[in-house]
Amino acid sequence: MAEPVARIPDAKVALSTASVYPESTATAFEIAARLGYDGVEVMVWNDPVSQDIDALRRLSDYHRLPILAVHAPCLLITQRVWSTDPWTKLQRARAAAEKLGASTVVVHPPFRWQRQYARDFVRGIWRMADETDVRFAVENMYPWRYRDREMLAYAPDWDVTKDDYRHFTIDLSHASTARADAIHMLDRMGDRLGHVHLADGNGSAKDEHLVPGRGAQPCAELLERLALSGFDGHVVIEVNTRRAMSSAEREADLAEALAFTRLHLAAAAKVPRR
């Protein structure tokens with residue numbers, strides 16, 4: 001009888017530059033290269049390097065590390081990055097991805113107070129997706145909570161599976177904060193899942209982004225299901241290392257996250273040994 005052997009799927013494991021905050025984008029490239037990540041996802045934020053296509057290309061070339069995805073500047077702290085107009089932000093993110101060879105732009109659903117943007121968002125994302133080979137992968141978010149109150153901060157909905165998008169990003173930390181079942185969400189996304197933000201959580205009202213394996217989310221199960229389904233998108237480590245007491249501790253966390261991810265992506269397959 002043939003013994004099972006490890007089958008490594010096509011999915012690449014990337015490091016989000018957000019995972020080294022408050023360190024710089026340049027530091028993220030350095031750490032990702034040293035630890036053996038397959039590439040990076042650039043979070044476009046207040047670091048000028050993250051906004052500079054030429055600087056990002058130089059970092060990619062120097063470290064021989066591809067930029068696999070660009071995260072558009074949709075956070076509260078990036079409201080003025082690459083314009084205050086949300087559609088301009090997405091156009092610039094798409095242009096950056098095309099110039100840098102990235103296959104994916106990650107985008108959040110609009111905030112509810114961005115009324116016109118929210119009203120046109122689903123149609124607008126389809127329109128932009130039709131104009132490029134870059135995937136616009138819309139990411140699940142979560143309700144904002146304070147004590148026993150819940151505020152729906154995103155529109156059309158924080159649960160992006162309720163709307164019709166060509167591609168999705170699933171974020172397990174966001175699913176944890178939403179207290180949603182990540183595996184059911186994965187099933188609803190189906191073959192439209194294009195991108196993964198891997199992090200853990202314990203259901204806190206705060207978006208935790210723990211190292212995979214340190215919380216209650218089904219990180220291992222999700223990775224194994226991706227491997228068995230032949231998922232060929234990117235799995236991006238997006239964790240919070242702000243509490244790291246030193247650069248060495250931060251790097252150890254990111255090494256642990258990479259090892260966890262590769263271990264569970266290496267699903268057992270019944271392939272005969274030669």
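The entries below cover pockets, a cavity and helix packing.

**Ground rules.** I am working with a predicted model, where local features need pLDDT of at least 70, side-chain atom pairs count only at pLDDT 80 or more, and totals for chains, interfaces and linings use all residues. Residues are numbered from 1 along each chain as its sequence is written, and side-chain values use heavy atoms, with hydrogens and water left out.

**Terms for the spaces.** On a 1 Å grid over the protein atoms alone, I call a set of points a cavity where a 1.4 Å probe fits but cannot get out, and a pocket is an open set with protein on both sides within 12 Å along at least five of seven lines; lining residues have an atom within 4 Å of a point. Grid points are joined across faces, edges and corners, and a volume is the space filled by probe spheres set on the points. Helices (H or I, at least four residues) and strands (E, at least two) are DSSP runs, numbered from the N terminus. For classes, Ala, Val, Leu, Ile, Met, Phe, Trp, Tyr, Cys and Pro count as nonpolar, Asp, Glu, Lys and Arg as charged, and the others, Gly among them, as polar.

**Largest pocket.** I looked up its volume and got about 1300 Å³. It is lined by 40 residues, and the closest to its centre are D207, E208, H209, N240 and R242. Strand β7 (144-146) and helix α9 (247-265) each supply at least two residues of this lining. I sorted the lining by class into 18 nonpolar, ten polar and twelve charged residues.

**Second largest pocket.** This one has a volume of about 240 Å³. Of its 15 lining residues, G190, D191, L193, L226 and S229 are the closest to the centre. Helix α7 (182-189), strand β10 (193-198) and helix α8 (219-229) each give at least two lining residues, and the largest share, three residues, comes from α8. The classes here are four nonpolar, five polar and six charged.

**Cavity.** How many cavities of 30 Å³ or more does a search of the whole structure find? I found one, and the largest cavity has a volume of about 110 Å³. Its lining includes P73, C74, H108, F111 and Y117. The largest share of that lining, three residues, comes from α4. By class I noted eight nonpolar, three polar and one charged.

**α4 with α5.** Helix α4 (residues 86-100) packs on helix α5 (residues 115-129) at an angle of about 20 degrees, with the axes 11 Å apart. Axes are lines fitted to C-alpha atoms, for helices over the stretch in contact, and angles run from 0 to 180 degrees between N-to-C directions. The pair is therefore roughly parallel (angles under 35 degrees). Contact (heavy atoms within 4.5 Å) is made by P86, W87, L90, Q91 and R94 of α4 and Y117, D120, F121, G124, I125 and M128 of α5. These residues divide into seven nonpolar, two polar and two charged.

**α1 with α3.** Helix α1 (residues 25-35) and helix α3 (residues 53-63) also pack at about 20 degrees, with their axes 10 Å apart, and are therefore roughly parallel to each other. From α1 the contact uses T25, A26, F29, E30 and A33, and from α3 L56, L59, S60 and H63. I counted the classes as five nonpolar, three polar and one charged.

Technical notes
Parallel < 35°, antiparallel > 145°, perpendicular 65-115°, else oblique.
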